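This note sets out points for a colleague who is new to the structure.

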Amino acid sequence: MKLVNGFDLMEFAKKHHHVLPAFNTTNLEMTIAIAKGLMDAKLPGYIQISSNNLKLSNPRIIALMALDAVKNSETPIGLHLDHGKSFEDVKACVDAGFTSIMIDASHLPFEENIEECRRAAEYCHFYGIPVEAELGALQGKEEDVVNEAECRTDPDMVADFVERTGCDTLAVSVGNVHGLCLDPRIDIPLLAKINEVSAVPLVLHGGSGIPKEVIWEAKKHGLIKINYGSDLRKEYIRTFGESYEADHNEHDVIHLSIEAVENVSRKARELVTMINEN
Ligand code: G3H
Ligand code: ZN
């Protein structure tokens, strides 16, 4: 199968009542592992890469790796830009064949956030690619970006933001935290309020550590996509770390990389199955 267009992927999810996981990749092994996890589970989702990570794997390389990784897939898989930092990154990813895009201007004042998102949406929509925008800000650590302050999404701003940006999905801050937070407190009543006024489906970042019952509840209030980064990265690093702990002379990178692919794909399979269990 080819990488699936983001609009088609969302339609498929709605039709089959799925929540779509978006798994952050970093490199070749993570990309293969994510695709394998989704294919083993026979459930749809995204491979995604953040703007920060593009300095390691540029958009064209990541698109080629993702295309190859999904070539035998019978389940729809998309390739998404996560936390798109600039219009240049958005453009580079669309041009490289990404199938959906996030523009993250949530750190900017409201009007500037709208302006950035609108510009990205106009470009992406011309090529038939959906856009995720973010209103509010999450606490925690997303790769090398640390944010101490939390700013929950204000439901009163949602309708105006969605309409004027032209975004196709909305990432919200409702107590979700980036990083390995073991006890995130998701404010479901706030999510429900946002959903009532949002013309588009909702996205939760900071998926690692959110209990399945909370995700199932969120699904009743417009959740279509949930992002997982740390849970998979931990599996990848654990593989090498445990081996090094056992033998400081360990140097079998090939064998360990294959093991890392197995461990990450098992985790991805577990997560996509868990969120779609109910
Ligand atoms: O954009 C990516 C994420 O929101 C990942 O969050 O590392 O807490 O799972 P996480
Ligand atoms: Zn995120």
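1. The second largest cavity has a volume of about 60 Å³, a volume being the space filled by probe spheres set on grid points joined across faces, edges and corners. A cavity is a set of points on a 1 Å grid over the protein atoms alone where a 1.4 Å probe fits but cannot get out, and lining residues have an atom within 4 Å of a point. The count comes to 2 cavities of 30 Å³ or more.

2. This is a predicted model, in which local features need pLDDT of at least 70 and side-chain atom pairs pLDDT 80 or more, while totals for chains, interfaces and linings use all residues. Residues are numbered from 1 along each chain as its sequence is written, chains are lettered from A and ligands numbered from 1 in the order written, and side-chain values use heavy atoms, without hydrogens and water.

3. Residues lining the second largest cavity include Met 10, Tyr 46, His 80 and Lys 225. At least two lining residues come from each of α1 (6-16), β4 (100-103) and β5 (131-135); helices (H or I, at least four residues) and strands (E, at least two) are DSSP runs numbered from the N terminus.

4. Ligand 1 is surrounded by 16 residues, among them Asp 82, Gly 206 and Ser 230, each having a heavy atom within 4 Å of the ligand. An oxygen atom of ligand 1 lies 2.6 Å from a polar side-chain atom of Asp 82, and one lies 2.5 Å from a side-chain N or O atom of Ser 230.

Key:
On a 1 Å grid over the protein atoms alone, a cavity is a set of points where a 1.4 Å probe fits but cannot get out, and a pocket is an open set with protein on both sides within 12 Å along at least five of seven lines; lining residues have an atom within 4 Å of a point. A polar contact is a pair of N or O atoms within 3.5 Å; within protein, one must be able to donate a hydrogen and the other to accept it, and residues adjacent in sequence count only if both atoms are side-chain atoms.
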